[in-house]
Amino acid sequence: MAAGGTTARDQDAWLCFADEAGQSLRPPAARTWSRRGRTPTVTVSGKGSGRINLAGLICLKPGRRTRLIYRMRIYRRRKNERKGFTETDYARLLDAAHQQLCGPIVLLWDNVNTHVDAAMRTLIDARPWLTVFYLPTYAPELNPVEIVWSHLKRGLGNLAPCTLDGLSLLIAAPAVTGFTFTALLCALLFGKTVGSPRVDAA
């Protein structure tokens, strides 16, 4: 449902799910093949090296391609540097999505502090094309973007980039992370679309 008791379809709006994730240079644990009795070891450089933060939107609309729009932020542990996304960062992501989708947005996301504080509410109120709803607490199964981040981290499991810039290139490579595959999966689960799913950096 969107504002005024009408549905997103009645508003001709995109239904967008949003979520964030992060990844350091220390890859998640993963499985691989090796000779019997010889456990493979991957040397990584992870401590004190910063991280890649990601915010993404899966955007659904009947009769249209499913869209995955994401923004990347590199945290390099510099003095006074903000670790995660700020309210302004989220607003810029939503503005970019609005420009790419060319229509109003009904947004569903969780209740983290930066989504519900006064600064974010002010930014939301200033955007008449944006309607926001909040998912229940501790309900990741309701957010398809969680599937994207899970698949992404599985794709990074056996890789060991040496720099944050190298990690950012791997994350943006569809052949490694499976962004396109995951967007298609979400399209099949959550909405009928036309054509192949589309992945865009915002």
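Rings of Phe, Tyr and Trp (its six-membered ring) count as a pair if their centres lie within 6.5 Å. By that rule, this predicted model holds 2 aromatic pairs. One of them joins Tyr90 to Trp109, and Tyr90 also takes part in the contact of helix 1 with helix 3.

**Aromatic residues**

- A pair of aromatic rings is described by the distance of the centres and the angle of the planes.
- The ring centres of Tyr90 and Trp109 are 5.7 Å apart and the planes stand at 80°; planes over 60 degrees apart count as edge-to-face, so this pair is edge-to-face.
- Tyr90 has a relative accessible area of 5% and is buried.
- Trp109 is buried too, at a relative accessible area of 1%.

**Helix 1 and helix 3**

- Two packed helices are described by the angle between their axes and the distance between the axes.
- The axis of helix 1 comes within 9 Å of the axis of helix 3 (residues 118-125), and the two cross at roughly 25°.
- Angles under 35 degrees count as roughly parallel, and helix 1 and helix 3 are therefore roughly parallel to each other.
- Their crossing is right-handed.
- From helix 1, Glu87, Thr88, Tyr90 and Ala91 meet Ala119, Met120 and Leu123 of helix 3.
- The residues of this contact divide into 5 nonpolar, 1 polar and 1 charged.

Note on methods
Residues numbered from 1 in each chain as written. Predicted model: local features only at pLDDT ≥ 70, side-chain atom pairs only at ≥ 80, totals over all residues. Heavy atoms only, no water. Phe/Tyr/Trp six-rings, centres within 6.5 Å; stacked < 30°, edge-to-face > 60°. Buried < 20%, exposed > 50% of the residue type's maximum accessible area, 1.4 Å probe, protein only. Axes fitted to C-alpha atoms, helices over the stretch in contact; angles between N-to-C directions. Helix = DSSP H or I, 4+ residues; strand = E, 2+ residues; numbered from the N terminus. Parallel < 35°, antiparallel > 145°, perpendicular 65-115°, else oblique. Left-handed = near helix turned anticlockwise from the far one by under 90°. Contact = heavy atoms within 4.5 Å. Nonpolar A, V, L, I, M, F, W, Y, C, P; charged D, E, K, R; others polar.
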